[in-house]
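This report concerns the nonpolar core and helix packing of one protein model. The sequence and structure are shown first.

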Amino acid sequence: MARKAKLLAMLENDPDDPFLHYALAKEFLSEGNIAAGTSLLREVIDRFSEYHAAHFQLAQTLSEQGEVEEARRVTEQGILSAKKAGDLHAVSEMTGFLELL
């Protein structure tokens, strides 16, 4: 069974797992389906705002697509989310990324 199919099956059993939604979004991105991947990442952020990895991945993807201002906004939201969670490593990574934008 392909990875995407496995993720979809797992989501049927556990639809409230943010990691599964995030992993599915990354799978779409890896296939080159940027629209589906970014859409799913936005859904992860909307549903699970504390899942700051989705912020970082979305910001990176937006930056690669030339949407730098939106990438900055998403990164800033991710930094706030990571600070709230006490994830200083994620704060550091996203702060560094923001400085490069």
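The coordinates come from a predicted model. In its largest nonpolar core there are 29 residues. Leu24, Leu41, Tyr51, Ala54, Leu58, Val74 and Met94 have the most contacts inside this core.

Helix H2 supplies the largest share of the core, namely seven residues. When neighbours within four places in sequence are set aside, Leu24 is in contact with Lys4, Leu7, Leu8, Leu11 and Leu40.

The pairing of H4 with H6 can be described geometrically. Their axes come within 11 Å and cross at roughly 15°. Because angles under 35 degrees count as roughly parallel, H4 is roughly parallel to H6. The crossing in which H4 passes H6 is left-handed. On the H4 side, His52, Phe56, Ala59, Gln60 and Ser63 take part, and they meet Ala90, Glu93, Met94 and Phe97 of H6. Classified by type, this contact has five nonpolar, three polar and one charged residues.

Ala9 is located in helix H1. Its relative accessible area is 33%, so Ala9 is partly exposed. Between Ala9 and Leu98 the sequence separation is 89 residues, and their C-alpha atoms are 35 Å apart in space.

Conventions: Residues numbered from 1 in each chain as written. Predicted model: local features only at pLDDT ≥ 70, side-chain atom pairs only at ≥ 80, totals over all residues. Heavy atoms only, no water. Core = buried A, V, L, I, M, F, W, Y, C linked by side-chain atoms within 4.5 Å. Buried < 20%, exposed > 50% of the residue type's maximum accessible area, 1.4 Å probe, protein only. Helix = DSSP H or I, 4+ residues; strand = E, 2+ residues; numbered from the N terminus. Contact = heavy atoms within 4.5 Å. Axes fitted to C-alpha atoms, helices over the stretch in contact; angles between N-to-C directions. Parallel < 35°, antiparallel > 145°, perpendicular 65-115°, else oblique. Left-handed = near helix turned anticlockwise from the far one by under 90°. Nonpolar A, V, L, I, M, F, W, Y, C, P; charged D, E, K, R; others polar.
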